[in-house]
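Opening the notebook on a new model today. I want to look up its pocket first, then a few residues.

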Amino acid sequence: MNQTVSAQTLIGLLVRHGLGLAAGALLADGTLSADQVNTIGGAITGLVVIAWSVWQKKRAVKA
């Protein structure tokens with residue numbers, strides 16, 4: 001069975017796991033509260049989604 005993963009899926013997985021790792025470390029250290037981690041994680045995720053959308057649209061215009 002040949003399973004391929006798209007670049008978009010791979011980047012999404014890496015970003016999600018990176019955020020989870022960073023959040024876990026900051027929570028364990030006591031640097032941030034759970035509410036702060038949720039707020040920051042949501043903001044970062046939103047910015048990544050916007051940046052990815054803009055990048056895709058610019059790439060589509062060039063093609």
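I started with the lining of the largest pocket: helix 1 gives the most to it, with seven residues. Helices here are DSSP runs of H or I, at least four residues, numbered from the N terminus. This is a predicted model, where local features need pLDDT of at least 70, side-chain atom pairs count only at pLDDT 80 or more, and totals for chains, interfaces and linings use all residues. Residues are numbered from 1 along each chain as its sequence is written, and side-chain values use heavy atoms, with hydrogens and water left out.

Which helices each supply at least two residues of that lining? I found helix 1 (7-29) and helix 2 (34-62). The lining residues include Q8, R16, T45 and W52. By class I get six nonpolar, four polar and one charged (Ala, Val, Leu, Ile, Met, Phe, Trp, Tyr, Cys and Pro count as nonpolar, Asp, Glu, Lys and Arg as charged, the others, Gly among them, as polar).

Next, G18, which sits in helix 1. Buried or partly exposed? I noted G18 as partly exposed, because its relative accessibility is 36% (buried is under 20% relative accessible area, exposed over 50%, partly exposed in between, with a 1.4 Å probe and protein chains only). I also checked G18 against G42: they are 24 residues apart along the chain, and their C-alpha atoms are separated by 14 Å.

Last, L10, also placed in helix 1. I put L10 down as partly exposed too, since its relative accessible area is 45%.

How values were computed:
On a 1 Å grid over the protein atoms alone, a cavity is a set of points where a 1.4 Å probe fits but cannot get out, and a pocket is an open set with protein on both sides within 12 Å along at least five of seven lines; lining residues have an atom within 4 Å of a point.
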